[in-house]
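Dear colleague,

Please find below the sequence and structure that I am handing over to you. My findings follow directly after it.

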Amino acid sequence: MTDRTMRAAVLDGTGGIDIRNLPVPRPAADEVVIAPVGTGVCGTDLHLASGEYPHGRFPVVPGHEFAGYVTAVGSDVSTFAEGDYVGVNPNISCGVCTWCRRGATNLCVNILPVGVAVDGSVAEFVAVPARITFPLDERITHRAAPLIEPFACVLHALERVPDWKDQELVIFGAGSIGLMAVILGNAEGATGIRVVEPNPARREAAAQLGALQAVSSVDELDRDVFDLALDASGHPVAIENAISVLGPRGRLVQMGVAAPTASVPLLPYEVFAKELSIIGSNSLAEKYGESAERMVELQGELEGLVTSTFGIEDYAEAMAAATRPDQIKVQIVN
């Protein structure tokens with residue numbers, strides 16, 4: 001019997017992007033096969049394509065922000081059936097290392113991210129373990145469902161700073177993650193949200209989503225100090241500026257992905273004198289389920305962040321579009 005084939009994008013880790021015919025995956029005993037309805041393109045994918053992302057294993061089919069319908073289930077899977085509408089937490093953790101035992105599966109030392117270290121969803125079908133798969137409410141649109149994963153990253157980031165809802169928040173970067181933080185902050189009743197973003201189109205998007213102020217530089221902010229800063233850009237200058245605007249006991253949440261060799265100047269005396277906290281936030285941890293629940297109520301605003309869609313065959317064009325200043329979130333639709 002001849003194996004069925006599917007179309008998929010394949011990265012070689014040196015900048016090459018090929019569209020190939022690959023065998024349709026068959027589920028292992030503990031897996032489900034999903035036909036994606038959509039996949040988000042994010043900064044991780046851009047780093048992955050050039051071989052700059054540490055967990056990348058090549059060749060690999062990219063795509064880790066996705067949802068779709070189950071088309072096949074493994075022999076040991078009883079929690080899902082063909083036709084189920086599902087989403088995926090793309091981090092396959094080992095479950096036995098120190099960090100997994102502590103519940104920080106995003107820090108698993110043996111982590112295998114879908115679409116990074118194992119084949120992902122920029123394909124007609126993708127196989128994933130059933131244990132990282134979540135049922136989705138049918139009210140969640142196909143456009144909104146792939147946003148559950150990045151929104152979960154924002155939920156995790158703000159969970160890293162308890163009691164943030166009554167504090168002044170400044171966000172650096174108004175890409176999709178920064179704008180999701182604006183949406184979440186407003187939904188949670190943040191005291192005042194300001195955004196620093198050099199791109200005028202993105203500043204306008206932040207203002208439309210309810211940011212109290214959206215400016216091109218810290219010099220334009222109407223406050224000198226803030227309780228909480230969130231960097232969603234990964235740019236060293238933005239991170240340096242975020243630290244500079246923190247007041248006493250101010251906290252920086254660093255969730256933007258900086259280059260591994262990037263550095264910023266830091267004055268230890270200022271950290272001491274102000275009792276500052278610099279807190280990292282990596283990926284989504286265990287927030288996918290909560291994100292899926294929140295998506296039902298917030299999808300109206302969140303799906304507005306999708307600015308362009310492409311097919312699998314046009315993945316290289318989609319990646320190029322994701323770098324353009326007029327784009328916020330680019331998706332691949334099947």
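In which loop does aspartate 163 lie? Please note first that this is a predicted model. Aspartate 163 is found in the loop between α3 (148–159) and β10 (168–172).

**Backbone geometry**

Aspartate 163 is not a glycine, yet its phi is positive, at about 65 degrees. The residue has a relative accessible area of 68% and is therefore classed as exposed, the cut-off being over 50%. Arginine 249 is another non-glycine residue with a positive phi, here of about 55 degrees.

The peptide bond between phenylalanine 58 and proline 59 is cis, with omega at about -5 degrees. Proline 59 sits in the loop that runs between α1 (43–49) and β4 (65–73). I draw your attention to these places because most residues other than glycine have a negative phi, and most peptide bonds are trans.

**The chain as a whole**

The chain contains nine helices and 17 strands. Its radius of gyration is 20 Å, close to the 20 Å that the globule rule gives for 334 residues, so the chain is as compact as a globular protein of that length. The C-alpha trace spans about 70 × 40 × 40 Å along its principal axes. Buried residues make up 52% of the 334 in the chain.

**The parallel sheet**

An open sheet is built from six strands, with parallel pairing, in the order β12-β11-β10-β13-β14-β15. At its edges are β12 (213–215) and β15 (277–280), each of which pairs on one side only. From one strand to the next, the twist averages 20 degrees. Strand β14, which covers residues 246–254, pairs with β15 in the parallel sense over four bridges. Leucine 252 has isoleucine 278, in β15, as its bridge partner.

Tryptophan 99 is part of helix α2, which comprises residues 98–101. Its relative accessibility is 33%, so tryptophan 99 counts as partly exposed.

With kind regards

Methods. Residues are numbered from 1 along each chain as its sequence is written. This is a predicted model: local features need pLDDT of at least 70, side-chain atom pairs count only at pLDDT 80 or more; totals for chains, interfaces and linings use all residues. Side-chain values use heavy atoms; hydrogens and water are left out. Two strands pair if DSSP finds at least two bridges between them. Helices (H or I, at least four residues) and strands (E, at least two) are DSSP runs, numbered from the N terminus. Axes are lines fitted to C-alpha atoms, for helices over the stretch in contact, and angles run from 0 to 180 degrees between N-to-C directions. Buried means under 20% relative accessible area, exposed over 50%, partly exposed in between (1.4 Å probe, protein chains only). The radius of gyration is taken over C-alpha atoms; the globule rule is 2.2 Å times the number of residues to the power 0.38.
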